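Let's take a friendly walk through this structure together. Have the sequence and the 3D view at hand as you read.

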Amino acid sequence: MGMTNSRPGFRAWAAGAGVVAAGAGLALAQLAAGLIAEPRSVPVVAVGAAFIDVIPASVREFGIRTLGTADKPVLVTGIVVLVVALGALAGLAGGWRRPLGWLVFGVLGLVGVLAAASRPDAGTAAVVPSVLAALTAGGVLAWALRAVERTAERAEAGRAEGVRGEPGAGSVAAHAPGRRDLLLRGGLVVAGSLVAAGAGSLLLRRRGAVADARASFPVPRPPTTAVPAGADLHIRDLTPWRTANDVFYRIDTALSVPVVDPATWRLRIHGMVDRPLDLTVADLRSRRIVHRWVTLTCVSNEVGGDLAGNALWTGVLLDDLLKEARVRPGADAVKSTSADGWTCGTPLSALTDGRSAMLAFGMNGAPLPLEHGFPVRMVVPGLYGYVSATKWVVDIEVTTFDRFQAYWTTRGWSAQGPIKTASRIDVPASGANVPAGTVTVAGVAWAQHRGVSRVEVRAGGGAWQVARLAGQPTKDSWRQWTWTWQAPKGTHRLQVRAFDGTGQVQTAAVAPPAPNGASGYHTIDVTVG
Ligand SMILES: Nc1nc2c(c(=O)[nH]1)N[C@H]1C(S)=C(S)[C@@H](COP(=O)(O)O)O[C@H]1N2
Ligand SMILES: [Mo]
């Protein structure tokens, strides 16, 4: 093999195989990025963005000065050329020692993974294209090199037997592909790569188009998005009362964010109603618009966890729409379905009892972010998200609970999911070291739609102390609290508990999230020095 592989002809073929393999890797990555609808996860784009972040500002400015708006295309092209060149190198190296080919692509893949993961709020899915690219490139290279080697061996054997390209029967290379075969296979890989890359690009363009549509999506302006006076105590490290859209927790089953075009979006409200509705975005906007603060909470939130967020939602009350549709007697549930087929079961009563259950299309004054359900989602105060907060909602069926099972119900979670009264200590952080003396303890408590009437804290198993509460502009949002602790030296256990608007204290019974929400008192240890 050594002799064969050192021929210049072989080297050219090996380098070519490396280039084709690199291209296949990039193409599959493009397709994967398209499928997860995340343009920033395209390895070359991620690396380019990371590169811009790490180079000195002077170099960055030089690039912008000399290249103007062409700076990004030039950078991306440069990276592609580099990857292709490294592909050729991988081919040569792999032709010499197979694992070296894998090594080159492995390192390239790792660079892509690190770059993609370093992007702000990159999800774990963002690294998938880079991983796929490395695996594809390595696999294609190994396959191509084997074919190239066998062809070379066959040519060698042919020469040895004096019969050009026609080895004798029983030769090791009897089934080796000829040169034309090699070219054909290479061509097929290139064609497949072009198709994959093209499909990926189309998907990404669609996502881009919907992102553009979102940017110009008209959300009726709330009178103000400002935090109501007194709701935020402005204590350092205490969770802000209003959660900004870009840090709002995200929970869903969607591997790729559903990309829903607002121009073609329709919502059917049907089932046990006299007048089914078929609504467009414009139809929704022509209804009475409301703006309501509501804290969403995930049933998977552990005691002390952060799967909760508070936003100003803009939309139409579901009660208004259900009245319009004229719900028939006997219905007790609403089954809602998202564009990606996720289903959710909500008690009809929670949508019609006067609370602010709504179809929301605005979040803190902006259109819903794609990840949070653009263009329209449900928001129901007082119920965990899995039974109420359908994102990308496209279908609402008025029905009865005994007639269907929603996505999480079939997986063992309760059909009913009222939010349990909960409280959390944010400051000091669990395990923190604080100086002895006056220590500010603070956190949030929630009991959506019942409200929080009292919060109590205790240190070291002592008596419960009443915390000072921030204002409560609505019972549907969480409430900040604070307590001033004269902290003696030592390690102390802090605990918190909240009382809801009916005066009921949250349960001390420890329960895990499944099947209907975690409970127990949030407990942390801090060292006072
Ligand atoms: N389409 C769809 N909507 C969904 C989900 C989902 O998986 N798919 N998850 C729900 C759950 S479990 C929660 S807690 C909330 C979270 O909403 P957020 O991601 O905007 O915070 O969305 C709900 N709506
Ligand atoms: Mo959830």
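How many Å separate an oxygen atom of ligand 1 from an N or O atom in the side chain of R377? The separation is 2.7 Å, which falls within the cut-off for a polar contact (a pair of N or O atoms within 3.5 Å; within protein, one must be able to donate a hydrogen and the other to accept it, and residues adjacent in sequence count only if both atoms are side-chain atoms). Before going on, please note that this is a predicted model, with local features needing pLDDT of at least 70 and side-chain atom pairs pLDDT 80 or more, while totals for chains, interfaces and linings use all residues. Residues are numbered from 1 along each chain as written, chains are lettered from A and ligands numbered from 1 in written order, and side-chain values use heavy atoms, without hydrogens and water.

Back at ligand 1, an N or O atom in the side chain of H372 is 2.6 Å from a ligand oxygen. T253 takes part through its backbone, with a polar atom 2.8 Å from an oxygen of ligand 1. The protein buries 99% of the 530 Å² that ligand 1 exposes when taken alone (Shrake-Rupley method, 1.4 Å probe). Around the ligand are 18 residues, the closest being Y249, T253, H372, R377 and K391; a residue counts here if one of its heavy atoms lies within 4 Å.

Now zoom out to the domains. An automatic or database assignment gives domain 1 (3-204), domain 2 (245-411) and domain 3 (422-528). The C-alpha centres of domain 1 and domain 2 are 44 Å apart. Five residues of domain 1 contact five of domain 2, where contact means heavy atoms within 4.5 Å.
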